[in-house]
Amino acid sequence: MTVTPLGIPRRLLEFTIDGEAARVPEGSTILDACRAAGKEIPTLCEGDTLAPKNACRVCVVEVEGARTLVPACSRRAEPGMEVRTGTERARHSRKIVLELLASSVDLSTTPRVAGWLKEYEAKPDRFGPDAARLEEEPRIDNELYVRDYGKCVLCYKCVDACGDQWQNTFAISVVGRGFDARIAVEHDGPLTESACVYCGNCIEVCPTGALSFKSEFDMRAAGTWDESAQSETTTVCAYCGVGCNLTLHVQDNEIVKVTSPHDNPVTHGNLCIKGRFGYQHVQNRG
Amino acid sequence: MDLRFGDSRPTDEERAAVDALLGPPESSWEGADRSDADLRWARGGRAARDRRDLLLPGLHAINDRVGWIGEGALDYLCRRLTVPPAEAYGVATFYAMFSVRPRPATLLHVCTDLACAAAGADGLCAGIESRLGLSSGVSVERSPCLGLCERAPAALAVKAGDPVRTAVSAPATVDDAVLAARAPDSAPQEPPAAWAVPQAGDPALTLLRRVGVVDPAGLDDYRANGGYTALRRAFELGPAGVIREVTDAGLVGRGGAAFPTGRKWQATASQPDHPHYVVCNADESEPGTFKDRVLMEGDPYALVEAMTIAAYATGAHRGYLYLRGEYPRAVRRMRHAVTQARARGLLGDDILGQGYAFDIEIRRGAGAYVCGEETALFNSIEGYRGEPRSKPPFPVEKGLFGKPTVENNVETLVNVVPILTMGAPAYAAIGTGGSTGPKLFCVSGSVHRPGVYELPFGATLGELLELAGVRGRLRAVLLGGAAGGFVRPDELDIPLTFEGTREAGTTLGSGVVMAFDDTVPLPRLLLRIAEFFRDESCGQCVPCRVGTVRQEEALHRIVDRTGAAAAEDVALLREVGRAMRDASICGLGQTAWNAVESAIDRLGAYE
Ligand code: SF4
Ligand code: SF4
Ligand code: SF4
Ligand code: FES
Ligand code: FES
């Protein structure tokens, strides 16, 4: 159980979603309201612990009077707004966006995306065999985590998590522009020569598996990664007095990676290098 | 924030370039030699971080001096400004004018965009490359529109050093361009700005009245020609009176969005949050546009005066003029004008003895079309990547540095001067009911007299082209630039007004009128437009980042095809285009398919 701190009570505002009246607290996004109303809207760059960059555009909805579609994840609900979530126009854009993404990056480790591709009848192949793709070799330059930018959808979450939203280390940034834009450290060097402190908070928020534990990466390469055979145990980190929550992912009696519950009001899923990666001593069985 | 800087050291040259901008470092925290005091004294924090907006000028300083930005130089600049090196690297790699890899000190940008391509840019490039050879120390770069379309084909040479040297060659020949690159100082002078104004000297002109008439360096000359009467009138009217006048005149933004200027000013003026800022968008990079350059080169004080009026009306005491980096002469003229105005009490703490304080800072862009988008421009000034922000919140509420900001382009601002001197009713009498005042058009391509034309709103496209004199058999006209649309030669009676073009299913955009005769291969033209958008996408949102690539790929596939052989790709283009228009964050992605769509629908490009 987690304790959610109660804020100042907020006013409710009224608007409509797909013709039905909705009441949400002031400051809620359209996405919050849609979820509360039980509407499914796909999201990629939105994350529960970060302010979304609204860059992926898979969550677009139609708002009466707006010239373009609006991203549900970051547009705040306004009184009297008329939102339509499943119009042909919105579905068309989502479908194209999914096709564009799936045709340019490897989404094989992105949760839920296969279902959306099917639901929106996206056919990423129709851009032809020569369609430009981000085929990049995974960057393996340290023993803790791997950067596989061939899977990156450029959602900016890792940059925000490493930067001013959580970690304040600013080790990574978006570099270049347009289709050539990538996530990189300064001078595009190896991680080991950067400001990275290996907190792994960027891995925690990455929605595609572009950033992953070296352990997970190696096991996937060896074909031994099996999520269905894993158990998760949430416990308390024993390294220091902060007492962050750790979720140990265990397969075959080995810890294969460590995450942290996002709804913890103190850490919101963030850890430091020790909590995130310092588990080998537990399984040093000599 | 716990910053880590690499071990690479700047060269003396690089250090000097940064120090010339920021002053010498004060302590070892900033990269000076260590002194005893440093052991007990730490510098940084908010004071240093508040200078983040000097990042872009700092990158320019290094790039201007050395020709590219090395690791040591970047790290040193970051240390001085307490900017994380990863972020600064992200900024440096965003702009086309910067390089983080070594390159020759001299760059020759040869424009291969629409007007220049039609004027033989490809042959020019090949000629220059073969003449210069490989070991010339000059790197030849194919460039998007340089804003010199009236003198196409155009080339711009930039030779790094202290100071950096530039030379423009337009219309360029192989000889001239090579000379400009080898010896920028001895290259022939550019013709005066008035050459770009075929109507120059016509007393009926309003906006272009002074171009070619006054000395662009002379403040007294400007005043002798009516300069600063508008500002005096503004002080008589008071801020609210100025806004009323601008509103009554019916002025709307000339950048393409056509938003009522008075309403924007009012909304900014009434924001309780302070300070307020005025930003002039002079990052004109729309292919085919050069009017702001001509205004700044020919009548720079008018812009200084107009910005001062805008600031007074909206309660701003600081203004930024964000000027396109590829406009060296406009930068020089505007710098001179601002310095002169300051020296004579027309900028500074007590303007015209009225107790009103306002000053202008000039910022150079660094080669990114997307920075013309207002929120991207704010990010660029603040020292971040020039990525558009999502709106709302709108700039009038949270703009530059998160404060209420009024942002207008050069042409819009310059209109404020005649509005105040002639009064709102007289101004509103020009043009049509829905589009008031005079309008500038940039005419280029297959015409005898390309240049900036001023006509009252309501003149037809045919009348404008008649002035410029069409050359050859007209095949198509691109209206509104790359983000605009094509129209047919039988549509020349379209009235050049916002409502008239809208009714005709097209747009006035930024006022570009590019004529193409029937020798121009349309599919290649479209390919060039698609390539432009692919190059200029910031990369933030998926529909634009990938959509512009898929658009270009499809156009490549059908470049030599028509009819059924092109049908599938045309259908694909429509689907992708629709999503780009509907789901992109900013105007760049939203308009990236306009010109191609119009070529297909109106010109039957692939039939
Ligand atoms: S591990 Fe931590 S410090 Fe390193 S890049 Fe990721 S978020 Fe930044
Ligand atoms: S690496 Fe992951 S978190 Fe970072 S931008 Fe790419 S997809 Fe997003
Ligand atoms: S539309 Fe294009 S330029 Fe604009 S934010 Fe999106 S990616 Fe960037
Ligand atoms: S989830 Fe809303 S734009 Fe990505
Ligand atoms: S200067 Fe070459 S097209 Fe404009």
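**Stop 1: where the chains meet**

Colour the two chains separately and look at the boundary: 48 residues of chain A are in contact with 50 residues of chain B, contact meaning heavy atoms within 4.5 Å. Before you go on, note that this is a predicted model, where local features need pLDDT of at least 70, side-chain atom pairs count only at pLDDT 80 or more, and totals for chains, interfaces and linings use all residues. Residues are numbered from 1 along each chain as its sequence is written, chains are lettered from A and ligands numbered from 1 in the order in which they are written, and side-chain values use heavy atoms, with hydrogens and water left out.

How much area is buried between chain A and chain B? About 4100 Å², with carbon and sulfur atoms giving 53% of that; buried area is the accessible area (1.4 Å probe) that two parts lose on being put together, summed over both. Now select F170(A), R177(A) and H187(A): in chain A they lose the most area to chain B, together 20% of what that side buries.

**Stop 2: an arginine with two partners**

Between chain A and chain B there are five salt bridges, each a side-chain nitrogen of Lys or Arg within 4 Å of a carboxyl oxygen of Asp or Glu. Pick R126(A) and E575(B), which form a salt bridge with their closest N and O atoms 2.8 Å apart. E575(B) sits in helix α22 of chain B and R126(A) in the loop between α3 and β6 of chain A, so this pair joins two chains. (Helices, H or I with at least four residues, and strands, E with at least two, are DSSP runs numbered from the N terminus.)

E99(A) is in helix α2 of chain A, so the pair ties together parts that are 27 residues apart in sequence. Is E99(A) buried or exposed? At 0% relative accessibility, E99(A) counts as buried, while R126(A) is partly exposed at 28%; buried means under 20% relative accessible area, exposed over 50%, and partly exposed in between (1.4 Å probe, protein chains only).

**Stop 3**

V570(B) is buried, at 12% relative accessibility. Which residues does V570(B) touch, leaving aside its neighbours within four places in sequence? They are I558(B), I600(B) and Y606(B).

**Stop 3: rings**

Over all chains, the structure holds 16 aromatic pairs. Rings of Phe, Tyr and Trp (its six-membered ring) pair if their centres lie within 6.5 Å; planes under 30 degrees apart count as stacked, over 60 as edge-to-face and the rest as tilted. Show Y222(B) and Y228(B): their ring centres are 5.7 Å apart and their planes at 90 degrees, so the pair is edge-to-face. Both of these tyrosines are buried.

Then jump to Y369(B) and F532(B), an edge-to-face pair at 4.9 Å centre to centre, with 65 degrees between the planes. This pair links distant parts of the chain, 163 residues apart, with F532(B) in helix α20 (residues 522-536) of chain B.
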